Amino acid sequence: MTASVAELQTDSRTQFASATIVEVNGRTYAAPKRPTVVIVVDGFDPAYLEHGFANGTLPTLKSFGQSGFVGLADCSIPSTTNTNNTSIVTGAPPAVHGINGNYYLDADTGEEIMITDASRLRCGTILGALGRAGVHTAVVTAKDKLLKVLAYQMPGIAFSSEHAHLANLKANGVEDVEALVGRPQPDQYSADLSLFALDAGVALLSAFKPSLIYLSTSDYVQHKHAPGEPEADAFHHAVDAVVAKLIALGATVAITADHGMNDKSTADGTPKVVYLEDELDARFGAGAVRVICPIADPFVRHHGALGSFVRVHLRKPGDIPAMMAFCRTLPGIELVLDKQDVCNQFDLPLDREGDFAVFSDRHTVVGARRQDHDLSQLAGHRLRSHGGLGEQKVPFLMSRPLNAEYRKRAADGPLHNYDIFDFALNGVE
Ligand SMILES: [Zn+2]
């Protein structure tokens, strides 16, 4: 679906108010009346929010309870990063935008492919449409792999923390980013990769005053540290401080997450894993299926490509109902749906789905073969991950009060994290 742009003129004898409105994937978005910053805090499980509200480390976000809006929303399934960042910037579910995971099996070639560009994207974005309509837009993402989707067909500023030193006017609409932010580009595996992206948002707002900024972090901290651990508190407190700075600069700030995060280990710290391809091979014969983990990400080493959702592709004709019934008997598996049902229930694109989908419960992960997953990289940490239904709830926060229509929509529900642009642009007083 191509985004279209319309100019609405307010017919008034006393003023010439003109508002830009764009239509994207069947929904309309007004150009921001004041600077607006949408932040996607990667892996920001509601448990971090509750913990930070209780112990005082999130004073700014907590204040939204009085001055704005604090709620919860559902993320897209699978609860993975690419899927949800794409849902958020398109305002649409995966059935519309096509990005149903970080990693997929190409049905035509049999190749297993990691998504690092916009070639699978099937629609336009809100940022792109507003940018082309003349709204000054900026995108900063911690992870470079997201940049091509987030800034798809968007004129304006767009760069990643990961490649900050490479940012130049021609490709990124900005240069000397390290000087702008005031420190060198951080390590790829660090909490500072995210904080650099957020600090860049503050610096861009001060220096260039974009009307609309999208900031996306990495879940490095949340994969490693549970709510209440000092590292998690310190990170989220730093996020809160950035939000306070953005508000002080006059911005409306909207915050959500791409997915939640849960502990996936037993009491003694052993990861709870179902190696589904091994199980299916043992029961139905070697080479019966290929299990694809859409959370897989060679650039991330803290979850061993293990999450709570996988797609099962048959390598040769087989008894799908029997395989599904077998999967349901495995401890830790909470839901098994065939291709059609998983697409109907979770708004997924049918032509990109496996033969069936398997969800593990909130404290279990499901993988392919034991040899596909390197858990040595946990380096002593408990396994924390996402991908399934246990990570579907995410915070949905607004720094300013909602107008009456959007208060009602929030109360009636359900809210999706991909409603955040709609609420931030159309729904605040
Ligand atoms: Zn994520």
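**Stop 1: the two domains.** Start with the C-alpha centres of domain 1 and domain 2, which lie 27 Å apart. To colour them, select 25-261 + 391-426 for domain 1 and 273-385 for domain 2. These bounds come from an automatic or database domain assignment.

Before going on, note that this is a predicted model: local features need pLDDT of at least 70, side-chain atom pairs count only at pLDDT 80 or more, and totals for chains, interfaces and linings use all residues. Residues are numbered from 1 along each chain as its sequence is written.

Colour by pLDDT, the predictor's confidence in each residue, from 0 to 100. The chain averages 93, and 95% of the residues score at least 70. Residues 1-17 stay under 50.

**Stop 2: where the domains touch.** Here 24 residues of domain 1 are in contact with 24 residues of domain 2. Contact means that the C-beta atoms, placed from the backbone, lie within 7 Å. On the domain 1 side, select helix H4 (94-97), strand S6 (103-105), strand S7 (112-114) and helix H10 (220-224); each supplies at least two residues. Helices (H or I, at least four residues) and strands (E, at least two) are DSSP runs, numbered from the N terminus. Which element gives the largest share of this side? H10 does, with four residues.

By class, this side of domain 1 has 12 nonpolar, seven polar and five charged residues. Ala, Val, Leu, Ile, Met, Phe, Trp, Tyr, Cys and Pro count as nonpolar, Asp, Glu, Lys and Arg as charged, and the others, Gly among them, as polar.

**Stop 3: the sheet.** Show the open sheet of seven strands, in the order S5-S20-S11-S4-S10-S8-S9, with mixed pairing. Strands S5 (69-74) and S9 (157-160) stand at the edges with a single partner strand each, so one side of each has no neighbour in the sheet. The twist averages 15° from one strand to the next. Two strands pair if DSSP finds at least two bridges between them.

Zoom in on S8 (residues 137-141) and S10 (residues 212-216). They pair in the parallel sense over five bridges. Pick alanine 138: its bridge partner in S10 is isoleucine 213.

Axes are lines fitted to C-alpha atoms, for helices over the stretch in contact, and angles run from 0 to 180 degrees between N-to-C directions.

**Stop 4: helix pairs.** Angles under 35 degrees count as roughly parallel, over 145 as roughly antiparallel, 65 to 115 as roughly perpendicular and the rest as oblique. Among the residues that meet are Leu195 and Leu198 in H9 and Val239 and Val242 in H11.

H2 and H11 (residues 230-248) pack at about 60°, with their axes 7 Å apart. They are therefore oblique to each other. Select Pro59, Thr60 and Leu61 of H2 with Asp240, Val243 and Ala244 of H11 to show the contact.

**Stop 5: backbone details.** Most residues other than glycine have a negative phi, and most peptide bonds are trans. Go to isoleucine 77 and proline 78: the bond between them is cis, with omega near 0°. Another cis bond joins glycine 413 and proline 414, with omega about -10°. Finish at glutamine 153, with a positive phi near 50°. Glutamine 153 lies in the loop between helix H6 (147-150) and S9.

Definitions and conventions:
Two residues are in contact if their C-beta atoms, placed from the backbone, lie within 7 Å.
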